[in-house]
Structures are given as structure tokens and as C-alpha cells.
Amino acid sequence: MAQSTSFFVLVALLAFAPICFSFKSDNDNLYPQYYYKSCPQAQEIVKSVVAKAVAKEARMAASLLRLHFHDCFVKGCDASLLLDSRGSIVTEKRSNPNRNSARGFDVIDDIKSALEKECPQTVSCADILALAARDSTVLAGGPNWEVPLGRRDSRSASLSGSNNDIPAPNNTFNTILTKFKRQGLDVVDLVALSGSHTIGNSRCVSFRQRLYNQSGNSKPDTTLDESYAAQLRNRCPKSGGDQNLFFLDFVSPTKFDNSYFKLLLASKGLLNSDQVLTTKSQASLALVKQYAENNALFFDHFAKSMVKMGNISPLTGSSGEIRKTCRKINSS
């Protein structure tokens with residue numbers, strides 16, 4: 001077993017060989033070479049730990065990718081999500097989008113521990129999240145891109161921000177787009193980044209209303225394929241089974257590709273927030289069709305949007321700190 005795992009890690013690391021997208025960061029304080037002198041092995045260390053974690057559990061790729069998204073949408077990409085409740089800090093892990101859902105924190109801890117041994121208090125937890133998200137995408141077969149680095153870590157968290165700013169599975173299209181625009185992102189970023197649902201799982205509680213009571217009339221969502229809905233009801237009853245997991249993309253659940261968009265066109269998106277991309281906006285529908293037909297275009301747009309999202313309100317210079325451990329601020 002140990003031999004097979006080591007072999008998988010070796011193969012996984014080779015996955016980083018494909019063409020790497022390089023885009024100019026909108027933030028001049030962030031650049032890919034940030035740690036070249038202070039911690040030249042930083043990116044390799046992150047990559048190695050992520051590869052081992054994904055080899056152990058393929059689902060972890062989606063979990064780590066999601067952590068970066070849920071961090072950036074609350075106070076910017078500052079690793080506030082990683083802080084545990086302590087003193088005046090109330091953790092974002094208790095928010096509705098994260099409670100019983102966000103995972104992968106132990107992997108981030110392992111990465112931080114390895115980095116602290118190599119170059120103490122040098123690499124931020126915020127940058128670890130950004131790198132782990134990229135590495136997870138590549139390991140699942142998705143695009144590679146240069147990650148602008150140089151973020152620092154926040155000394156606070158925002159439970160209210162996590163509850164209010166992260167798009168929810170039951171939000172309307174306009175609400176989701178508004179939340180993206182609030183972060184400086186547009187409809188292209190919305191559709192491209194939604195494509196991350198080509199990997200990972202969702203809980204029954206996140207889409208149950210689509211099966212039984214979409215509009216408060218005790219009827220299912222008419223935009224959901226009936227045969228697919230029937231299959232979902234087998235393991236997602238009207239009550240109970242809240243934590244039962246379902247693939248977001250049942251065709252290739254662990255492979256990062258464009259099959260998610262093909263499923264949307266077949267009315268087989270799992271979450272309401274997925275399917276509204278085809279039913280509530282001509283602009284988003286056009287993008288879904290393009291990505292369903294052109295995997296390379298999806299990869300290109302996804303990589304660009306990940307860099308753009310990673311630039312949301314980073315702490316740089318003397319702002320924030322470089323945490324010694326990712327779960328607490330240095331003075332606590």
C-alpha cells in the first residue's frame with residue numbers, strides 16, 4: 001500500500017508538467033517569484049504535501065480548492081477562514097457555508113508545519129491556500145497557472161462576512177452575480193469559477209428543496225431533469241440524511257474537465273446555483289455552451305479567474321502578519 005501511494009504521488013507530481021498559464025497580476029505587490037530568495041523550496045513543499053493528501057483521498061482536491069474560494073470572498077484572501085475561535089476571534093468555520101462542510105484544514109496545517117521547518121515565519125497561510133488550490137486543480141487534471149504571491153495573514157475573522165458574502169446554493173442568479181461583482185469579479189468569472197464543481201461533493205441539505213419544494217408550493221424544481229431528480233431522492237429524503245454526499249459532477253467526479261457544463265445543458269446540475277447559470281441569464285448560458293464545447297477555453301478562463309480571485313484585497317507590506325501556525329494569530 002505504501003509503495004502504491006508513493007507511486008501515485010510521483011505520477012501526481014508529474015501532472016504539473018503541462019503548459020502553465022501566466023497572467024499579469026492586477027496587484028503589483030503580488031508576484032510568482034516572491035519567495036524565490038526567502039524560501040526557494042516553498043512551492044515544491046506545498047505541492048508535495050498536497051499530492052500526498054490527494055493520493056490518500058481524491059476528494060481533498062475539491063476541498064482545498066473550496067477553502068481558497070471561501071477565504072477570498074470574506075475580507076479578501078487573507079487566511080481569515082483558518083483562524084479558530086480564540087479570545088475576541090469568532091471563527092468563520094461556524095458560518096452556514098462552512099459548518100459541517102469546509103474541510104482540509106489538517107492538510108493546510110501539514111503544509112505550514114513543513115514550511116516552518118524549511119523557512120520559519122516566511123510563507124503566509126494566505127499564500128498556502130492559493131498554492132494548494134492551484135496544485136489541487138492540476139492534480140485533478142485541470143489547468144496550471146502561475147500563482148502571484150506575497151499575501152500576508154489577517155489578525156481577525158468575520159463570521160458575519162462568511163454568512164453574507166459567500167454565494168449560497170439556493171441564492172438566485174442575480175444575488176450570486178451581485179456577490180461576485182462586490183469582489184470585483186464579473187459574469188465570466190462567475191461561470192468559469194463555478195466550473196470548479198466539476199470535482200467534489202455536496203450534501204443533501206444543500207439541494208433538498210429542488211427535489212421537494214423549490215418555490216414553496218411543495219413541488220420540485222421544473223428545471224431539474226426528472227429522471228436525475230428521482231435518482232437523487234433515493235438518498236436525499238424529505239427529512240433526514242442531511243449529510244449524505246452526492247457528486248457535483250456524476251460523470252467524472254474526480255476529474256477536472258468540462259463535463260460539469262455538459263450536465264448543466266442536460267438540466268442535471270446538482271445545486272440551484274449551478275442550474276441557474278443556464279436558466280436565468282443569456283450571458284451565462286452562452287458561456288456554459290462555450291465551455292461545454294471547448295475544454296481548452298474553460299481551462300484558460302478558469303486559470304485567469306483564479307488569479308483574479310486571488311487578488312481580492314490581499315494584505316501586503318506591513319499589514320497583517322505571517323502566522324507561525326495557521327489556526328491562530330501570533331500573539332495568542
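Predicted model: local features only at pLDDT ≥ 70, side-chain atom pairs only at ≥ 80, totals over all residues.
Two residues count as being in contact when heavy atoms of each lie within 4.5 Å. The buried residues of α3 pack against quite a list of helices: α2 (42-56), α4 (105-118), α5 (125-139), α7 (173-182) and α14 (295-310). Of the 13 residues in α3, 12 are buried, so the helix is largely enclosed by the rest of the structure. Among the buried ones are Met-60, Leu-64, Leu-65, Phe-69 and Cys-72, along with His-68, His-70 and Asp-71.

The largest nonpolar core takes in 76 residues, and Ile-108, Ile-111, Leu-115, Phe-261 and Met-309 have the most contacts inside it. Helix α5 gives the most to this core, namely nine residues. Leu-115 makes a handy example: setting aside neighbours within four places in sequence, it touches Cys-39, Ala-42, Ile-45, Val-46, Pro-120, Val-123 and Ile-128. There is also a second, separate core of 13 residues, with Cys-204, Phe-246, Leu-270 and Leu-271 included.

Nonpolar side chains turn up on the outside too. Phe-247, Phe-250 and Val-251 make up a nonpolar surface patch, and together they have about 280 Å² of accessible area. Phe-247 sits in strand β4, which spans residues 245-247. Its relative accessibility is 41%, so Phe-247 counts as partly exposed.

Methods
Residues numbered from 1 in each chain as written. Heavy atoms only, no water. Buried < 20%, exposed > 50% of the residue type's maximum accessible area, 1.4 Å probe, protein only. Helix = DSSP H or I, 4+ residues; strand = E, 2+ residues; numbered from the N terminus. Patch = residues over 30% accessible without salt bridge, like charges linked within 9 Å, V, L, I, M, F, W, Y side chains within 5 Å. Areas by Shrake-Rupley, 256 points an atom, 1.4 Å probe, with all protein chains shown as cover. Salt bridge = Lys/Arg side-chain N within 4 Å of Asp/Glu carboxyl O. Core = buried A, V, L, I, M, F, W, Y, C linked by side-chain atoms within 4.5 Å.
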